Amino acid sequence: MTKLRILAPILALMLWAGPVHAEPIEAQIGGDLLAAGGRVEGTGAAPRDLLITGGRVLVNGPVAEDLYASGFSIDIAARVGADANAAGAQVTLGSEVGGDAVLAGAVLTVSDSADVAGNLRLFGASVTMDGAVSGALLISAGEARLNGPVSGDVMLNVANLSFGPEARIDGQLTLATSEDVDIPTEVIPSGRVTYVAIDTPEWREFDELAWEGMPQAPSAAALAGGYLISLAFLLAVGAAFLALVPGRVASMRRMAIDRPGLTILLGFIGFSTLVGLVPVSAMTIIGLPLLPMAILTLILAWVLGYLLGAYVLAMAIARAAGLGDSPSLPIRIAVLAAAITGAALLNFIPFLGWIGNVALVFLGIGAMTEGLLRSFMPGVEPSPDNEMLKSEKDD
């Protein structure tokens with residue numbers, strides 16, 4: 001419940017702020033001050049709580065009650081009347097805090113001008129604690145340097161720990177570590193130190209994570225079986241279109257061959273439109289029931305675009321090899337099988353193979369998009385006298 005109480009205002013602030021604004025913006029609600037921006041380097045006095053976020057955050061106005069800050073670099077330089085909570089890559093606390101303080105980030109610094117009246121909890125990769133703490137101190141970090149007085153108990157879970165000349169611990173020290181640490185008696189007498197052993201086994205001791213526990217690579221027979229199943233499915237889908245609507249397939253193929261670059265661009269636009277339907281459906285109450293249909297349409301468009309794009313390229317190669325413009329249906333199905341195989345082999349070419357497959361998908365979706373647009377615009381279909389279309393329709 002404590003974690004929820006701390007995180008809820010920060011999450012609410014991030015949702016309110018949305019994208020980080022170039023120019024800082026401020027608003028007040030119920031006495032709370034909300035501030036956001038790329039660089040928020042000055043805030044007025046907050047009558048109650050201050051909720052602030054940004055790339056560079058400087059809190060230099062007094063906060064009457066709680067502070068909630070998030071950002072890349074956070075500097076708390078003004079007094080906080082109650083609790084202070086901050087999360088960022090770099091967080092610096094250099095002021096008085098009337099209650100508890102929780103800081104989380106990569107590099108945390110509590111300067112010698114900081115004075116925390118309550119408990120201080122620090123969670124980071126590198127922690128420097130030079131300030132004074134009237135309550136308890138908790139540090140969980142990769143490395144930490146303690147160089148300030150602590151009136152209450154201290155719990156440290158630190159891999160690399162060091163103490164400065166100003167370090168003092170008046171309460172009990174609980175040290176969680178895999179090995180003993182030499183603690184100066186000026187910091188705390190050894191009688192008030194308790195070690196909690198932490199077992200840190202090597203990775204190889206985790207059977208489920210060891211290399212021996214990793215699944216073996218698929219056999220050649222498994223790869224061949226998967227390929228044949230995928231080929232049979234895609235070939236069945238493609239053959240159905242070639243047999244049932246040969247004229248429409250021929251029309252889209254001809255359009256893609258005539259203007260491949262423009263068709264790929266049109267495919268990118270068409271696919272982007274389909275992708276946009278998903279969040280639009282999710283954001284509206286009316287469109288929410290249609291969300292599964294939008295996702296299914298997106299998947300179907302990708303598969304059909306992949307098939308058509310590969311078929312267009314394979315037919316272009318077949319025509320250049322002398323196969324002709326209008327081979328018989330069995331030959332066209334064989335060309336489609338070769339196209340699917342060739343597109344699958346592209347995946348074994350690093351990076352360029354992936355780009356080639358995406359280009360084929362956009363080529364196919366672009367042809368389908370143009371074909372769909374032509375169906376709504378009478379008089380722009382390819383001429384019915386086109387011999388290629390007539391031959392493929394006759395099949």
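**Entry 1: ground rules**

I note that this is a predicted model, in which local features need pLDDT of at least 70 and side-chain atom pairs count only at pLDDT 80 or more, while totals for chains, interfaces and linings use all residues. Residues are numbered from 1 along each chain as its sequence is written, and side-chain values use heavy atoms, with hydrogens and water left out.

**Entry 2: the whole chain**

I looked up the elements and found 8 helices and 16 strands in the protein chain; helices (H or I, at least four residues) and strands (E, at least two) are DSSP runs, numbered from the N terminus. The protein chain has 395 residues, and 39% of them are buried, where buried means under 20% relative accessible area, exposed means over 50%, and partly exposed lies in between (1.4 Å probe, protein chains only). I then turned to contacts, which mean heavy atoms within 4.5 Å. Of the contacts in the protein chain with a separation of 6 or more, 24% are between residues 24 or more positions apart.

Strand β1 (residues 25-29) is joined to β2 by 5 bridges, and the two run antiparallel; Gln28, for instance, has Leu33 of β2 as its bridge partner. The hairpin of β1 and β2 has 2 residues between the strands, and in this hairpin Gly30 takes a positive phi near 60°. To strand β3 (residues 50-59), β2 is joined by 7 bridges, and here the strands run parallel, with Val40 bridged to Val57 in β3. I also checked burial, and because 7 of the 9 residues of β2 are buried, this strand is largely enclosed by the rest of the structure.

I then went on to a run of parallel pairings. Strand β5 (residues 84-93) pairs with strand β7 (residues 101-110) in the parallel sense over 9 bridges, and Ala86 has Leu103 of β7 as its bridge partner. β7 in turn pairs with strand β9 (residues 120-129), again in the parallel sense and over 9 bridges; besides the pair I began with, I noted that Gly105 has Gly124 in β9 as its bridge partner. β9 and β11 likewise pair in the parallel sense over 9 bridges, and Leu122 is bridged to Ile139 in β11.

**Entry 3: Gly135**

Is Gly135 buried or exposed? I found Gly135 in the loop between β10 (132-133) and β11 (137-146), and its relative accessible area of 12% means that Gly135 is buried. Leaving aside neighbours within four places in sequence, Gly135 is in contact with Val116, Ala117, Gly118, Asn119, Val150, Ser151, Gly152 and Asp153. For Val116, I noted that its C-alpha atom is 7.6 Å from that of Gly135, although the two are 19 residues apart in sequence.

**Entry 4: helices α2 and α6**

Two packed helices are described by the angle between their axes and the distance between the axes. The axes are lines fitted to C-alpha atoms, for helices over the stretch in contact, and angles run from 0 to 180 degrees between N-to-C directions. Helix α2 (residues 220-244) and helix α6 (residues 329-346) pack at an angle of about 140°, with their axes 10 Å apart. α2 and α6 are therefore oblique to each other; under 35 degrees counts as roughly parallel, over 145 as roughly antiparallel, 65 to 115 as roughly perpendicular and the rest as oblique. The contact is made by residues including Tyr227, Leu231 and Leu234 of α2 and Leu329, Arg332 and Ile333 of α6.

Within helix α2 I also looked up Ser230, which is partly exposed, with a relative accessible area of 40%. The C-alpha atoms of Ser230 and Ile340 are separated by 9.4 Å, and the two residues are 110 residues apart along the chain.

**Entry 5: helices α3 and α5**

Last, I looked at helix α3 (residues 246-258) and helix α5 (residues 291-320), which pack at an angle of about 75°, with their axes 10 Å apart. That angle makes α3 roughly perpendicular to α5. Among the residues that make the contact are Val249 and Met252 of α3 and Leu308 and Tyr311 of α5.

Key:
Two strands pair if DSSP finds at least two bridges between them.
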